[in-house]
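Dear colleague,

Please find the structure below, together with its sequence. My notes on what was found in it follow.

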Amino acid sequence: MNVSTKGRYGLRAIMDIAKYGQERPVTLSAISRRQQISEGYLEQLMSSMKKAGLVKSSRGAQGGYSLACEPDKIEAGDIFRALEGPLALTACIGEAEEQACFMQESCGSRFIWEELQKAVSRVLASYTLADLLAREKN
């Protein structure tokens with residue numbers, strides 16, 4: 001699994017919403033300014049996170065984005081899956097349908113990929129958005 005800018009920037013953006021969106025929705029321009037991420041890219045990220053049910057949007061003068069649920073209900077893994085797709089370190093090991101590999105039955109290294117996959121999934125499931133906010137240095 002390669003964590004792209006989608007995952008990294010998306011995590012920063014949703015943390016920004018959690019931090020500044022408690023009173024009212026946060027605009028893309030405000031997130032863009034604070035996080036130094038282009039508004040166009042943020043639109044793509046928000047679209048994916050909205051489809052995944054992590055954020056909601058509102059229109060109008062006071063519109064913007066807010067969390068769809070409490071920060072302690074959103075795991076880091078939920079955010080990465082929304083933006084990056086299923087977590088998969090290799091094509092034959094992952095959370096999505098495993099692809100058949102001609103070496104699957106005899107592969108001596110498959111157990112390594114399985115263990116790494118479990119570890120990554122476990123770490124991402126062990127931290128919520130609330131945990132990340134608590135660790136953030138202002």
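**Findings in the predicted model**

The largest pocket has a volume of about 160 Å³. Please bear in mind that this is a predicted model. The lining of the largest pocket is made up of I17, A18, G21, Q22, K56, S66, L67, C69, E70 and P71. Two elements, α1 (5–20) and β2 (64–67), each contribute two or more residues to that lining. Sorted by class, the lining comprises five nonpolar, three polar and two charged residues.

I31 belongs to helix α2 (residues 28–35). I31 counts as buried because its relative accessibility is 0%, below the 20% cut-off. The C-alpha atoms of I31 and I17 are 7.7 Å apart, while the two residues are separated by 14 residues in sequence.

Turning to the aromatic residues, the structure contains one aromatic pair. Its rings, those of Y9 and Y41, have centres 5.9 Å apart and planes at 85°, so the pair is edge-to-face. Because Y9 lies in helix α1 and Y41 in helix α3 (residues 39–51), the pair ties together parts that are 32 residues apart in sequence. Y9 has a relative accessibility of 24% and therefore counts as partly exposed.

Finally, another tyrosine ring deserves mention: the charged end of R34 sits over the ring of Y20, at 3.8 Å from its centre.

With kind regards

Terms used
Residues numbered from 1 in each chain as written. Predicted model: local features only at pLDDT ≥ 70, side-chain atom pairs only at ≥ 80, totals over all residues. Heavy atoms only, no water. 1 Å grid on protein atoms, 1.4 Å probe; cavity = no way out; pocket = protein on both sides within 12 Å on 5 of 7 lines; lining within 4 Å. Points joined across faces, edges and corners; volume = space filled by probe spheres on them. Helix = DSSP H or I, 4+ residues; strand = E, 2+ residues; numbered from the N terminus. Nonpolar A, V, L, I, M, F, W, Y, C, P; charged D, E, K, R; others polar. Buried < 20%, exposed > 50% of the residue type's maximum accessible area, 1.4 Å probe, protein only. Phe/Tyr/Trp six-rings, centres within 6.5 Å; stacked < 30°, edge-to-face > 60°. Lys NZ or Arg CZ within 6 Å of the ring centre and 35° of its normal.
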